[in-house]
Amino acid sequence: MTICLRAATRDDAGDMAALVNMAGEGLPVALWARQADHGQDPLDFGAARLAADKGAMSWRNATVATINGQIAGLLITDELADTDAEVSSDTHPIVRPLIRLENMARSTRTLAALAVFEPFRRKGIASKLLQRAEMGAGPAGMSAIVTDLNTDASAFLARHGFAHAADLPLVHADWNTPSAAWVLMRKQLH
């Protein structure tokens, strides 16, 4: 089995939407459902957003892992600014704590999405994608935000040198999750 990493293309957007939703534990679909046209599948809406040329969650910021030409995993990273992002009254309540945690991780390269399809897990794909991300680490290292109940993700990150940095209560709104908090994990590389 050979794991190949390549830059994502616009044509990967459908698989990317499924993987972004997996990485986000269902939150992306909850947000996409609010923005989609009546009757439009939230994953289709998400795929269209990921197929856009601009935005942090664009195919242009993504790397896919393939096995025998089939997409197995996804990495999307973003370098966080060295100044705080604004949290205003217009900001959706679900994402406010995420922005506040990102503000605690300024100048890091953040793992916006890191996920592997079930049949390909435990084969080193996520580790290989993480190594790729770390090659472009921000001046303050790396960061990731996971939910308190995503013990697989937090254990994976801890095995790779990430440590708990902060946590904030999670806002459920119309996202059905048993989790209660967001957890910021950071790794210094320099």
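Visitor: Is glutamate 25 buried, partly exposed or exposed?

Guide: This model is predicted, and every value here is computed from it. Buried means under 20% relative accessible area, and exposed means over 50%. Glutamate 25 has a relative accessible area of 27%, so it is partly exposed.

Visitor: Where does glutamate 25 lie?

Guide: Glutamate 25 is in the loop between helix H1 (13-23) and helix H2 (27-35). Its phi is near 55 degrees, which is a positive value in a residue other than glycine.

Visitor: Which loop holds alanine 173, and what is the phi of that residue?

Guide: The loop runs between strand S6 (163-169) and strand S7 (181-187). Alanine 173 is not a glycine, yet its phi is positive, at about 45 degrees. With a relative accessible area of 56%, alanine 173 is exposed.

Visitor: Tryptophan 175 is in the loop between S6 and S7. Is tryptophan 175 buried or exposed?

Guide: Tryptophan 175 counts as buried, at 3% relative accessibility.

Visitor: Which residues is tryptophan 175 in contact with?

Guide: To read contacts, set aside the neighbours within four places in sequence. Tryptophan 175 then touches Gly24, Glu25, Gly26, Leu27, Ala30, Ile94, Thr147, Leu170 and Trp182. Distance along the chain is a separate matter from distance in space: tryptophan 175 and leucine 43 are 132 residues apart in sequence, and their C-alpha atoms are 15 Å apart.

Visitor: How is a strand read, and how many residues of strand S5 are buried?

Guide: In a regular strand, side chains alternate between the two faces of the sheet. Strand S5 covers residues 142-147, and six of its six residues are buried, so S5 is largely enclosed by the rest of the structure. On one side are Met142, Ala144 and Val146, and on the other are Ser143, Ile145 and Thr147; both faces are covered.

Visitor: Which strand is joined to S5 by two bridges?

Guide: Strand S4 (residues 109-116) is joined to S5 by two bridges, and the two strands run parallel. Threonine 110 has serine 143 in S5 as its bridge partner.

Visitor: What is the relative accessible area of alanine 113, and what is alanine 113 in contact with?

Guide: Alanine 113 lies in strand S4 and is buried, with a relative accessible area of 1%. Beyond its neighbours within four places in sequence, its contacts are Val20, Ala23, Met57, Leu74, Leu75 and Ile76. Alanine 113 and methionine 57 are 56 residues apart along the chain, with 8.7 Å between their C-alpha atoms.

Visitor: What pattern does the whole chain follow?

Guide: The chain has six helices and seven strands. In sequence order the pattern is β-α-α-α-β-β-α-β-α-β-α-β-β. The radius of gyration is 16 Å, close to the 16 Å that the globule rule gives for 190 residues, so the chain is as compact as a globular protein of that length. Of the 190 residues, 45% count as buried. Among contacts between residues at least 6 apart in sequence, 71% join residues at least 24 apart.

Visitor: How many positive and negative side chains are there?

Guide: There are 18 positive and 21 negative side chains, and the centres of the two sets are 6 Å apart. The chain exposes about 9,800 Å², of which carbon and sulfur atoms supply 49%.

Notes: Residues are numbered from 1 along each chain as its sequence is written. This is a predicted model: local features need pLDDT of at least 70, side-chain atom pairs count only at pLDDT 80 or more; totals for chains, interfaces and linings use all residues. Side-chain values use heavy atoms; hydrogens and water are left out. Helices (H or I, at least four residues) and strands (E, at least two) are DSSP runs, numbered from the N terminus. The radius of gyration is taken over C-alpha atoms; the globule rule is 2.2 Å times the number of residues to the power 0.38. Buried means under 20% relative accessible area, exposed over 50%, partly exposed in between (1.4 Å probe, protein chains only). Contact means heavy atoms within 4.5 Å. Accessible areas come from the Shrake-Rupley method with a 1.4 Å probe; for residues, only the protein chains shown count as cover. Lys and Arg count as positive and Asp and Glu as negative; His and the chain ends are not counted. The place of a charge is taken as NZ of Lys, CZ of Arg, CG of Asp or CD of Glu. Two strands pair if DSSP finds at least two bridges between them.
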